[in-house]
Amino acid sequence: MLNSKRIFTLLGVVFLTLCLTAPSLAQQNNFSSEDYKKSQYDIEMRDGIKLHTVVYVPKDTTQKYPILMKRTPYSCRPYDEGKIPERIMHNPHLQKEGFIFVCQDVRGRWMSEGDYTTMTPNREDPDKIDESSDTYDTVEWLINNIPNNNGKVGQWGISYPGFYTTAGLPDAHPAMAASSPQAPISDFFFDDFHHHGAYFMSYWYVTPLFGIQHEQPTDTSWYNFADTGTQDGYHFYKSITPLSKADNYYSGENFFWQELKNHPNYDEFWQSRNILPHLDDIDHPVMTVGGWFDAEDLYGPLNTYRSIEEKNPDTKNTIVMGPWSHGQWASANPHQSVGEIYFGEGISAFYQKEIEYPFFMKHLKGVDTKDLPEAYMFDTGKKTWSTFDHWPPKNIEQKSWYLHGDGSLNSDKPNKTKKNYTEYKSDIDNPVPYKEESDLVFIPQDYMTDDQRFAARRPDVITFETPVLKEDVTLAGDILANLFVSTSGTASDWVVKIVDVYPPSTEENDYTPDDVELDNYHQMVRSEVMRGRFRDSYKNPKPFKPNKVTNIELPLQDVYHTFKKGHKIQIQIQSTWFPLVDLNPQKYVPNIFKAEEDDFQDALQRIYHSSKYPSSINVKVLRNK
C-alpha cells in the first residue's frame, strides 16, 4: 500500500512520463549560464513550513528538460534576483546539455523557515516530517509548477548535501529517476565528528556552523567561529584539553556542542540519525561517489553503497571511488593531487564526462548509453581506473598478515618466541601528532596521504614491516586489525595505519612539491582509530582491566591500492593522534567530554604477537587475472 508520501498525483506523473518520447541520442545543446533564467520560490511543505528554492531554467522552450536538484544546509547563494553564477553546476557537460537546476535551503537554514536538526532522523510514520517528506513535497511542487519539465527528477549532493540526497531515497516520489549521493554522511558516530567513538577534535572549530539556529530566514551568516588567538593548532587544542575548557568558547546556545557533550556513546540520539537502516525499497538507479582519501566522509559512501546493495539487490546500484579528498571530483583542476602525492591528469574531468554525465543523461533524458559498471574504482598505487561487477571484487583472497616481535609483517602465524609483545609509553603530555605541521585548519585533508616517517621514528609508535616486495600486491576491500593489547590504565585509544614505503630509488615528478623527496617516502594508504571502551559495544562502553590481554577488532575502511614491486608494506600502531582526535585520559571516566585534568595519565601499552595472542591485519588481496 502506498503511504501518504507517495500518493500526491501518482497517476498524473505516470501519464506525463508515458506521453514523452525518449530520445535515442542526446540533444546536443551548448548552453552557457547566460542561456538560463533564474527564479526563486518559497515552497510550502505539508506542515506549512516554507523552504526557499532557487531554480535555473533554460531559456529555450522548444524542449522539455529534466529537473536536477540539490538540497543543502550551506546556502543556495547568490540570492540576488537575476544573478546567475557562471557555473550553475560543477559538471560543465550537464550545464551545457540543459537541465532545470534546482537548489533548496533545507529546514532552518539560510532563506528557509523552520528549525534545523543535525542529520534529521528518518521517520517510519508516513505522517511525520523528515528529509524524505520534504524531498517528496518539493518534487511534487516542482513537476507541477515549473514549465517545460519532462516529469523526471534527479538529485545529487556532495558532503552534507550528499546526506540529504541519501535521505531522499526512502519513500521517494515516483518522478525521482536517478540519485547520486556524493561523499554522503551516513552516521555521525562513524564519520565526520566521530570514528568508532573517538571524537575528531579537528572538527571542534566548525561546530557553530551546525549548532546555532537562525531566528528567521536570512541571506547572511548568523553564526560565528571561535577566536582562537593562534594559528598553532597543536598548541590551541592542548589549551582546551580537557574538553570541558571548550565551554569557554561555546555557550548553551550552541545546541550541537551540547549534543556532542551529552551523548558520548552510541545511544538512541545517534542511532536515530543513522540513515543506513532505512535504505530499502529503492526503485530507481543510484550512483554513490567518494574519494579514497576523503578525511571527512569515507565511511559514508562505502556504507551507503553497501547498504543499498544488501537491501535492494535488483536496484541498479553503482559506486565510484577515485583518488580524491573531499569533493575533489567536482574540481576543474586538471592535475589531481592529495597532499604531496600526485595521481595524474584529467581524473576529475574523466569522471565528469565519462561517468557522471552519462549517468544522468541515461536516466533523466533517456539517452541510449551503456550502463555503468557496478564499481568504478581507482587503484591509488598503480594510478589507473578499474571496473568491477562486484565490490569488493569476487576474485580476492582473504589473508592474515601477522605482527612479529622482530618488527616483521608476514603471513606466518607466530610460533614460540622470546618476545611475546612490543610495548610503548603513551605520554599524555607529548601525544603523537597527526602530521608534522601544526597549522590550525578546519578539517585537515592532506594527512590522508602524508609521509609517516616522522611518526615511525617516535618511540610511542611501533612499526611492523614486510621485506621488499618481489611482486605487486593489490588490496581490494575492507581491512580488519585484529589486535591483542593491554594497557596499564583503564582506558585507551588504538590507532592503526597502513603505509606504503617507497624504495630509495623513487624520483620526484613535475608535481611533487619542491621541498618533498619521495626517496623512502612513507605514504599513508589507510588509517583508523577506535576508542577502546567501545571494543565490545558502541552503546555500552566499559573500562579495560589494567595489564590484562584484551582483543580489539578495529575495522578500517576499504582500499584499492597496489603496493608495487620494490616497495614495502608497513603497519604503524599508536595510542594518540593529536589534535586530529581528542586525548583519551587513559583513565576510564563515564564521559570524556566532562573529564577533569586530574583524570589524565600516562599509560604503558602492549601489542601482543605470540602463538597464544597472534595480532594480525586481515586483508583482501586481489588475485591476478
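**Buried charges and linked segments**

Lys435 is buried, with a relative accessible area of 16%, where buried stands for under 20% relative accessible area, exposed for over 50%, and partly exposed for values in between, as found with a 1.4 Å probe on protein chains only. This is a predicted model, in which local features need pLDDT of at least 70 and side-chain atom pairs count only at pLDDT 80 or more, while totals for chains, interfaces and linings use all residues. Residues are numbered from 1 along each chain as its sequence is written, and side-chain values use heavy atoms, with hydrogens and water left out.

The predictor's confidence in each residue is given as pLDDT, on a scale from 0 to 100. Its mean over the protein chain is 94, and 95% of the residues reach 70 or more. Over residues 1-27, however, pLDDT stays under 50, and for this stretch the model has 53 contacts beyond four places in sequence, a contact being heavy atoms within 4.5 Å.

Returning to Lys435, its side chain meets that of Asp450 in a salt bridge, at 3.5 Å from N to O. Both Lys435 and Asp450 lie in the loop between β17 (421-426) and α11 (453-456), so the pair ties together parts that are 15 residues apart in sequence. Asp450 also counts as buried, at 8% relative accessibility. The term salt bridge is used here for a side-chain nitrogen of Lys or Arg within 4 Å of a carboxyl oxygen of Asp or Glu, and the whole structure holds 21 of them. Helices (H or I, at least four residues) and strands (E, at least two) are DSSP runs, numbered from the N terminus.

In another pair, the closest N and O atoms of Arg71 and Asp134 are 4.0 Å apart, and the two residues form a salt bridge. Because Arg71 belongs to strand β3 and Asp134 to helix α3 (residues 131-145), this pair ties together parts that are 63 residues apart in sequence. Arg71 and Asp134 are both buried.

A further salt bridge joins Lys587 to Asp599, with the closest N and O atoms 3.5 Å apart. Here Lys587 is partly exposed, with a relative accessible area of 33%, whereas Asp599 counts as buried at 13%. Elsewhere, salt bridges that share partners join Asp47, Arg71, Arg107, Glu131 and Asp134 into one network.

The chain also has 1 disulfide, defined as a pair of cysteine sulfur atoms within 2.5 Å. The partners are Cys76 and Cys103, whose sulfur atoms are 2.1 Å apart. Cys76 lies in the loop between β3 (65-72) and α2 (92-97) and Cys103 in strand β4 (residues 100-105), so the link ties together parts that are 27 residues apart in sequence. Both cysteines, Cys76 and Cys103, are buried.

Two helices complete the picture. In α4, 8 of its 8 residues are buried, among them Tyr160, Phe163 and Tyr164, and these buried residues pack against β3, α3, β5 (149-158), β6, α5 (207-211) and α9. Helix α9 (residues 299-311) has 13 residues and spans 18 Å from its first C-alpha to its last, close to the expected 18 Å, a value found as 1.5 Å times one less than the number of residues. Its buried residues, including Tyr299, Leu302 and Ile308, pack against α4 (160-167), β6 (176-182), β9 (286-291), β10 (317-322) and β22 (550-563).
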